[in-house]
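Thanks for coming. Please keep the picture in view while I talk.

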Amino acid sequence: MSYFAWRRILLYSPVRSPVEPVEVVAGLIFFIGRNPDIQDHILIGQRKSTDSGGGFWEFPGGKVELGEGLFEALRREIKEELEMEVKPLEKLAEQVLQTPSGKWIRLSLVAAESLQECFVLNDHLAAQWIPASQLWSVHFLEGNKNFLKEVEAFYSRRPQIRKI
């Protein structure tokens, strides 16, 4: 089996890793505040060049600590990384994948609302609010890119949010 065929199996099927994967949560954070210029935009962060996947963009989030649920972990991680308050709504998707460093992770995407448009860069090189229609043109980490179809499905179910 070729490397690319194996990689597709890892990314697109419910594969069990040889070890228990590290739980990681990513937030599909959209703005629901009063600023019409960024209404329903999605927050993305650019990883620092010194981090694994440096320069790529991601949906902000991080590791789930022992005893935490996904929603608690997302609130904590966003508070630590961006000094923002978010309201998690629902888990949209999950995938098990192997990082380039060989570590197995279970990455969950959780939709969350934010009334704050301002953030502080404590962990990212950059962050920005972008229209959902521009997500496909962003240079995402591979695991985050795999979630774009779930993002489209989420937006199609929520008529108060502009469709992508």
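Before the pocket itself, the term. On a 1 Å grid over the protein atoms alone, a pocket is an open set of points with protein on both sides within 12 Å along at least five of seven lines, whereas a cavity is a set of points where a 1.4 Å probe fits but cannot get out. Lining residues are those with an atom within 4 Å of a point. Grid points are joined across faces, edges and corners, and a volume is the space filled by probe spheres set on the points. The idea behind it is that rolling a probe the size of a water molecule over the atoms shows where empty space is left.

Two remarks on where this comes from. The model is predicted, so local features need pLDDT of at least 70 and side-chain atom pairs count only at pLDDT 80 or more, while totals for chains, interfaces and linings use all residues. Residues are numbered from 1 along each chain as its sequence is written, and side-chain values use heavy atoms, with hydrogens and water left out.

Now the chain as a whole. It has 4 helices and 7 strands; these are DSSP runs, helices being H or I of at least four residues and strands E of at least two, numbered from the N terminus. Starting at the N terminus, the order is α-β-β-β-β-α-β-β-β-α-α. Of its 164 residues, 49% count as buried, where buried means under 20% relative accessible area, exposed over 50%, and partly exposed in between, with a 1.4 Å probe and protein chains only. Contact will mean heavy atoms within 4.5 Å. Among contacts between residues at least 6 apart in sequence, 65% join residues at least 24 apart.

Back to the pocket. The largest one has a volume of about 750 Å³. Which residues lie nearest its centre? They are R47, E58, T99, I105 and L141, out of 31 lining residues. The elements that each supply at least two residues of the lining are β1 (22-31), β4 (61-63), α2 (70-82), β5 (87-98), β6 (104-114) and α3 (142-145). By type, the lining divides into 11 nonpolar, 10 polar and 10 charged residues. Here Ala, Val, Leu, Ile, Met, Phe, Trp, Tyr, Cys and Pro count as nonpolar, Asp, Glu, Lys and Arg as charged, and the others, Gly among them, as polar.

E58 sits in strand β3 (residues 57-58). Why does E58 count as buried? Because its relative accessible area is 10%. Its side chain makes a polar contact of 3.0 Å with that of R47, and another of 2.8 Å with that of H124. A polar contact is a pair of N or O atoms within 3.5 Å; within protein, one must be able to donate a hydrogen and the other to accept it, and residues adjacent in sequence count only if both atoms are side-chain atoms. Leaving aside neighbours within four places in sequence, the contacts of E58 include L141 and N144.

N144 belongs to helix α3 and is buried, at 5% relative accessibility. Beyond four places in sequence, N144 touches E58, F59 and L107. Its C-alpha atom is 9.9 Å from that of Q95, which is 49 residues away along the chain.

T99, also from the central group, is in the loop between β5 and β6. T99 is buried, at 15% relative accessibility, and its side chain has a polar contact of 2.9 Å with that of S101. P100 lies in the loop between β5 and β6 as well, but P100 is exposed, at 79%.

Next, helix α4 (residues 148-157). Its buried residues are L148, V151, F154 and Y155. Seen down the axis of α4, they fall within an arc of 110°, so they line one face of the helix; the arc is that of the directions from the helix axis to the C-beta atoms. In general, an α-helix has 3.6 residues a turn, so residues three or four places apart point the same way. The cover over the buried residues of α4 includes β1, β2 (42-46), β5, β6 and α3.

Last, one backbone angle. Most residues other than glycine have a negative phi. E83 has a positive one, near 55°. E83 is in the loop between α2 and β5 and is partly exposed, at 40% relative accessibility.
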